[in-house]
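Have a look at the model first, and then we'll trace who pairs with whom.

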Amino acid sequence: MGVNSATTIQSKAIVYGTCAIFTGVLLSAVFRFVFGFKDYGRCHDMLQDGWWLDDTMSSWQPAGCMLHNYKVSEMSTCLGHSRVLYIGDSTMREQFLSMVQLVKKDINIQGVKHEDRLFEFKKERLTFEFWWDPYLNSTRTLDLLQARLLKRPSILIMGAGSWHMKNLEEDYFEEWRKSVDQVFNSVQGARSIAESVIMSPVEIPQYEKLSPERHNTITVAKIESMNRYLKEKNSALEPKTPFALPFVWNKITAGINNGTQDGLHYISALTKVQAQLGLNFRCNDQLPKTYPMASTCCYHYPKPKWYQSVFFLFFLIWVPLGIYLISSGVMKGLTQRIFPNEPVLNACFLFGLCILYMFFSDRTQMFGKIHKHFDPITFGGLSIAVLMTGLWTLKTTHEGDLGFLNRDQTNEWKGWMQLAILVYHYTGASGTSGIYNAVRVLVAAYLFQTGYGHFFFFYKKGDFGLGRALNVLVRLNMLTFVLQYVMNTDYLSYYFTPLVTFWFGIIWVTMYINHKANKVMWFMLTKIVIASLLTTTLIHYPGLMESVFDILEYVFNIHWNAVEWRFRLGLDAWIVYIGMLSAYAYIKCIEYKMHELKSWSTIKKTSIVLSWCVMAWYFWFELTRANKSIYNTTHPYIAWLPILAFVILRNATVQLRNTSSRFFAFIGNISLETFIGQFHMWLAADTKGLVVVLAHPEWTRGLGWWVNLFLSTILFLCVSYCLSQTTTELTKWICSGVNQTKPEIQPAAHHENQDYRAIPLLPTAERGTQQDASNAEATTVNIPMDDLHQQNIDGEWSQTPLKPTSWVHRFTCLCSDMRVKCALFIAAVSIANHMC
């Protein structure tokens with residue numbers, strides 16, 4: 001009782017703690033979104049705060065959003081219809097030249113300092129112009145501010161102050177104030193002076209590098225008073241023209257020791273970031289509103305489309321209505337006909353809430369998003385933390401032998417691999433070849449388990465019915481299917497689900513063809529070889545996959561990238577067959593009692609030694625490749641080596657087989673949900689960034705990054721667990737009509753003294769129906785012969801179906817056939833896709 005009581009208290013503490021975190025995060029996010037700066041596009045955050053992610057000044061992180069680095073073609077699309085105009089002093093000129101270099105990096109920018117400059121790029125349809133006007137009071141500047149010029153700039157960027165301080169002595173502030181007031185008055189006027197206007201704050205120099213003359217005139221007090229005035233005016237401003245006052249420009253240059261030579265004019269690495277911020281302010285909302293939505297500064301997400309709204313109404317209106325009607329007993333007869341039972345509705349409602357959480361995390365500005373940044377120390381620290389947690393939760397079964405690749409062990413295997421992949425994604429380690437290469441093997445190991453597990457199931461049970469296939473396919477694809485519509489993405493973008501689905505189909509077909517002869521070794525091996533050759537042809541033969549995708553596009557209006565999919569399939573084109581052959585080899589070893597041979601001990605020890613050598617060789621090989629592209633050319637042919645070596649080492653002794661990590665096994669049980677769910681609720685911008693659950697995005701700097709990681713991880717794992725539970729429940733309900741399938745009837749002697757052991761499949765099968773190898777594999781199915789004459793609802797093995805007595809009965813029977821339901825569902829998806 002004491003242990004059970006402690007476990008109950010611990011479970012309740014976890015639940016209540018998670019609920020408290022959820023409540024706090026959501027309330028603070030809603031409060032900021034509704035009552036904050038009304039910064040619905042995260043423009044204010046971008047313009048006011050940010051920080052460098054490293055000392056090399058290569059990556060700037062705006063507070064709470066993801067910066068877009070503009071390419072020439074994108075600049076042309078946004079700005080090509082008009083000109084980009086800079087007006088001001090030498091600080092504006094430096095930023096102007098950096099903007100020009102964004103178009104042509106090696107352009108000659110030398111010229112007379114205190115004169116106008118003009119650059120035209122006819123091919124790109126871009127014109128950049130600089131007016132030298134350090135006091136912002138020239139006639140043409142005033143004409144522009146009073147909207148007297150016919151052609152408006154696409155973007156107008158102005159700045160002044162240093163010449164006022166240096167040359168106007170006591171009158172500096174008054175003259176400067178008159179100039180900037182002209183700008184503020186202009187953007188509030190009815191007539192627009194430009195499509196967007198940016199007013200630069202007074203630049204803060206590096207005082208220790210200023211010349212004596214500048215040091216005496218450009219003082220801290222003067223700059224602070226001028227910028228204070230700008231903040232006051234900006235806070236009371238109600239502009240008619242889009243207007244920005246980016247005080248963050250001073251933060252970009254602050255504290256950079258090697259950022260300037262004279263203390264006033266900063267290097268292009270800094271001024272280019274300032275220019276990019278200006279482009280983000282002007283152009284981000286004109287970027288395509290399609291995934292991946294990886295530029296979130298000054299960006300308004302698109303309004304939900306009709307099919308997204310259908311899902312929202314279903315989860316938030318139809319499901320709660322059904323729960324209410326069933327629980328209250330109102331209109332009981334009608335309710336039972338149009339709604340499923342209450343447990344299914346509850347699962348559907350919770351599933352919908354999880355989907356909505358992902359939508360608000362990654363398709364609204366309720367939560368901030370920040371860039372990934374790879375840091376070896378961070379990656380190593382997280383990896384060690386994961387490893388220590390796994391070791392801390394080790395458990396050992398001291399009685400018996402749980403067997404080769406037993407359930408606990410394979411759940412643990414999936415779990416630690418999934419955690420490694422999560423750390424890899426979160427820290428942005430994909431650019432590091434040595435890490436990327438190893439992670440490719442982890443993905444291959446998942447597919448190895450797919451081949452191993454499904455082969456075992458089909459070989460042992462001979463169940464090729466619709467029920468089995470639907471259980472696997474629905475369980476695998478439910479979350480991905482819903483997300484592709486709710487998040488307006490692409491099915492193939494969640495590449496793991498399509499991969500496992502594709503290979504399950506290949507395994508099913510391979511094992512189904514003349515399956516009564518599967519026990520014949522040469523026939524089984526021949527089928528595997530032929531299947532591998534056919535899939536290789538499909539993957540690599542030019543134009544074949546494109547033709548398949550063209551047909552799918554015509555029928556279902558889906559636009560899949562054949563090049564990307566060929567890359568995904570090609571990387572792991574052989575590992576599934578290695579898994580199938582490994583399962584087959586293990587079965588035959590048990591059948592022929594190889595473990596009872598006198599030479600078994602020698603074989604075992606030799607295998608262990610070779611496995612250590614293979615692991616050492618593999619890590620040497622992958623770490624010494626020049627880049628990941630070179631490694632990818634060899635990966636399909638060598639990935640099976642470290643995987644088989646790991647399997648042998650992991651099962652080398654009884655103690656190793658009987659020991660597993662509870663934490664890793666827990667993650668393994670929800671590995672499908674964590675793999676797919678990370679796209680939108682832990683990562684952000686369709687995996688390009690990270691979700692910020694802290695109310696104030698600037699808190700994610702320094703230690704706050706770890707606090708955000710901790711909170712977002714708790715929510716992520718909680719939602720993933722709920723998704724796992726609900727999809728299991730919904731899969732049972734959807735497939736409830738076909739879960740009774742025809743078992744393979746075989747003589748009892750066939751399995752006599754056989755000790756078949758199978759690993760649990762990837763999260764594809766219905767939980768609760770997977771049986772342990774130690775008892776399920778050797779079970780002989782005995783069915784009364786009278787039962788064989790009952791009509792199976794799946795229609796595959798009925799012997800004497802009842803004849804319908806009327807067309808109504810005939811129609812009812814037809815509609816209740818799951819094959820008809822599947823066909824109608826596919827047709828409905830096709831029609832809906834053509835309407836999207």
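Start with C78: at 4% relative accessibility, this cysteine counts as buried, since buried means under 20%. Keep in mind that you're looking at a predicted model. C78 forms a disulfide with C283, and their sulfur atoms sit 2.0 Å apart. This link is left-handed, with -90 degrees about the S-S bond. C78 lies in helix 3 and C283 in helix 11, so the pair ties together parts that are 205 residues apart in sequence. C283 is buried too, at 2% relative accessibility.

So what is a disulfide, anyway? It's a covalent bond between the sulfur atoms of two cysteines. This structure holds three of them.

Next up is the disulfide joining C65 to C297, with 2.0 Å from S to S. The torsion about its S-S bond is about 90 degrees, so this one is right-handed. It links distant parts of the chain, 232 residues apart: C65 is in the loop between strand 2 and helix 3, while C297 is in the loop between helix 11 and helix 12. C65 is buried at 0%, and C297 is buried at 0% as well.

That leaves C43 and C298, whose sulfur atoms are 1.8 Å apart. Their link is right-handed, with 105 degrees about the S-S bond. C43 lies in helix 2 and C298 in the loop between helix 11 and helix 12, so parts 255 residues apart in sequence get tied together.

Now number the bonded cysteines in sequence order: the pairing comes out as 1-6, 2-5, 3-4. C722, though, is in no disulfide; the nearest cysteine sulfur, that of C718, is 4.4 Å away.

Notes:
Residues numbered from 1 in each chain as written. Predicted model: local features only at pLDDT ≥ 70, side-chain atom pairs only at ≥ 80, totals over all residues. Heavy atoms only, no water. Disulfide = S-S within 2.5 Å. Helix = DSSP H or I, 4+ residues; strand = E, 2+ residues; numbered from the N terminus. Buried < 20%, exposed > 50% of the residue type's maximum accessible area, 1.4 Å probe, protein only.
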